[in-house]
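Thank you all for making time this morning. I would like to walk through one protein chain with you, slowly and in order, so please have the picture in view while I talk.

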Amino acid sequence: MAGMDIDGNVEEAARRVQVRFVTKLKAPFKAPPTSIAIPSNLTRLGLSSIVNNLLKAGNDDWNPEPFDFLIDGELVRMSLEEFLLAKGISAEKILEIEYIRAVAPRKEEEPSLHDDWVSAVDGSNSKFVVTGCYDGFGRIWKAAGSCTHLLEGHTDAITSVCVVKTRVAQNDADQIVATASKDRTLRLWKFDADESSDQIKRIRAFKILHGHNASVQSVAANPTGEMVCSGSWDSQIALWQASGSDTGDIISVKKRKKNADEEDPQVEEEAKSTLVGHTQCVSSVVWSQDETIYSASWDHSIRRWDVEMGKDSLNLYCDKVVNCLDVGGEGSSLIAAGGSDPVLRIWDPRKPGSSAPAYQFSSHGSWISACKWHEKSRFHLVSASYDGKVMLWDLRTAWPLAVIDTHKDKVLCADWWKGESVISGGADSKLCISSDVCVL
């Protein structure tokens, strides 16, 4: 079949290339597989316009959609001609260009206001978002602006929150959340995620974990939900029992209820074990597999720990203080970290001589405070920075896919929610939700 010729409203002097647009997207996103001649000076915007025109030709109700483009598995972030030249790809043959839906939020929800800095966020459960705040309270949100539970008990700022996923047979609505605080403790909380009420429900922790000698900076649960680990300014990583409540000392705390006689038993526990090796603040911990914990520290190192042996099996040196860490990507093996410069670094420890980062992304303008892999994509992750921006990344290009600048101050935390939203908290006391991000 003869190829069509599309001008794309550019000068006739532009060189033309024969291309065929292909996609793994289902209808109505499938364009005809015909080869067409297009100007080689088109950028992503021009390519997106052509694909939208092709889709509209077969569907009068088509609404324009932003697209991204891959050639030989790499995202195009310059003009077609520049890309082909940089990669040494011949323009003589028909060029196959794959298009995907652009990974960028299409909607910004109303910010959810807090009384102080929003320092921690967890979106790992699709039913709710957990936030930690400098006012000492944890909060459960079922949607933007809709806070259902207030977690009260910490006596200083909350620094980290984590949903504890339990495999034990129990009512799915009964959720457990862990919080870490500058008050040197961790607390575990239970609540019913499906409970509906017109009023915010105040809840007390069912377990208080004591043992750190300084502010607790990070908390993470193991995959079974039976244990949590924490990193602290005391340079140690502590391991705690999350499930069960009959092993510690029971104390009684008066409930804040009209019936003052009713008491709520709380259990206080000490750490089961500690991992020692870091020489400064342990800023971030990730418990990726039952036997493996990753940690990041202000001592410029990232370590992988064998939980059973109690020793580190990998010690990566970074030139900078490390603030945040996450493990994911291909084979759930890539280590992403950010710290006291604007560079998001990613290591692949499976590769020999892996002490140097495999990827470095440098678009932020200040320290990086958070990074998080998308749970179901081996390419995508989100980062947050003191520059007030949240950025979405794809390993197939060095430029951010999207820059979210809804915050008016430092961004302190970020995560994914429901697979298609980015959530973030900052020094502007807001939880922001950017939704309809088409990653998959």
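This is a predicted model: local features need pLDDT of at least 70, side-chain atom pairs count only at pLDDT 80 or more; totals for chains, interfaces and linings use all residues.

Is Ser-297 buried or exposed? Its relative accessible area is 0%, which is under the 20% limit, so Ser-297 counts as buried. The side chain of this serine reaches the backbone oxygen of Cys-281 at a distance of 2.9 Å. If we leave aside residues up to four places away in sequence, Ser-297 touches His-278, Gln-280, Cys-281, Val-282, Ser-283, Val-321 and Val-322.

Now let me step back to the whole chain, whose secondary structure comes to two helices and 38 strands. The radius of gyration is 25 Å, close to the 22 Å that the globule rule gives for 440 residues, and therefore the chain is as compact as a globular protein of that length. Taken along the principal axes, the C-alpha atoms fill a box of roughly 85 × 55 × 40 Å. Of the 440 residues, 53% count as buried, and among contacts between residues at least 6 apart in sequence, 52% join residues that are at least 24 apart.

Next, the interior. In soluble globular proteins, nonpolar side chains tend to be buried together. Here the largest nonpolar core has 27 residues, and the members that touch the most others are Val-19, Phe-21, Ile-38, Phe-67, Phe-69, Leu-80 and Tyr-99. At least two residues of this core come from each of strand S2 (16–22), strand S3 (35–39), helix H1 (44–57), strand S4 (67–71), helix H2 (80–87) and strand S6 (95–101), and H1 gives the most, with five residues. There is also a second, separate core of 18 residues, which includes Ala-384, Ala-414, Trp-416 and Val-422.

Let me turn to what the UniProt record says. The unreviewed entry places a domain feature called NLE at residues 17–84, and over that span the chain is 28% helix and 26% strand, with the end C-alpha atoms 11 Å apart. Over residues 275–315 the chain is 0% helix and 63% strand, and the end C-alpha atoms are 14 Å apart. For residues 361–403 the figures are 0% helix and 47% strand, with the end C-alpha atoms 13 Å apart.

Finally, I would like to look at one strand and its partners. Strand S14 covers residues 174–181, and seven of its eight residues are buried, so this strand is largely enclosed by the rest of the structure. Which strands pair with S14? Strand S13, residues 158–164, pairs with S14 in the antiparallel sense over six bridges, and Val-163 stands opposite Val-177 in S14. Strand S15, residues 186–192, also pairs with S14 in the antiparallel sense, over seven bridges, and here Ala-178 stands opposite Leu-188 in S15. S14 and S15 form a hairpin with four residues between them, and in that turn Arg-184 has a positive phi of about 80°.

How values were computed
Residues are numbered from 1 along each chain as its sequence is written. Side-chain values use heavy atoms; hydrogens and water are left out. A nonpolar core is a set of buried Ala, Val, Leu, Ile, Met, Phe, Trp, Tyr and Cys residues joined through side-chain atoms within 4.5 Å. Buried means under 20% relative accessible area, exposed over 50%, partly exposed in between (1.4 Å probe, protein chains only). UniProt positions are given in the numbering used here, feature names are shortened, and annotations may be inferred rather than shown by experiment. A polar contact is a pair of N or O atoms within 3.5 Å; within protein, one must be able to donate a hydrogen and the other to accept it, and residues adjacent in sequence count only if both atoms are side-chain atoms. Contact means heavy atoms within 4.5 Å. Two strands pair if DSSP finds at least two bridges between them. The radius of gyration is taken over C-alpha atoms; the globule rule is 2.2 Å times the number of residues to the power 0.38.
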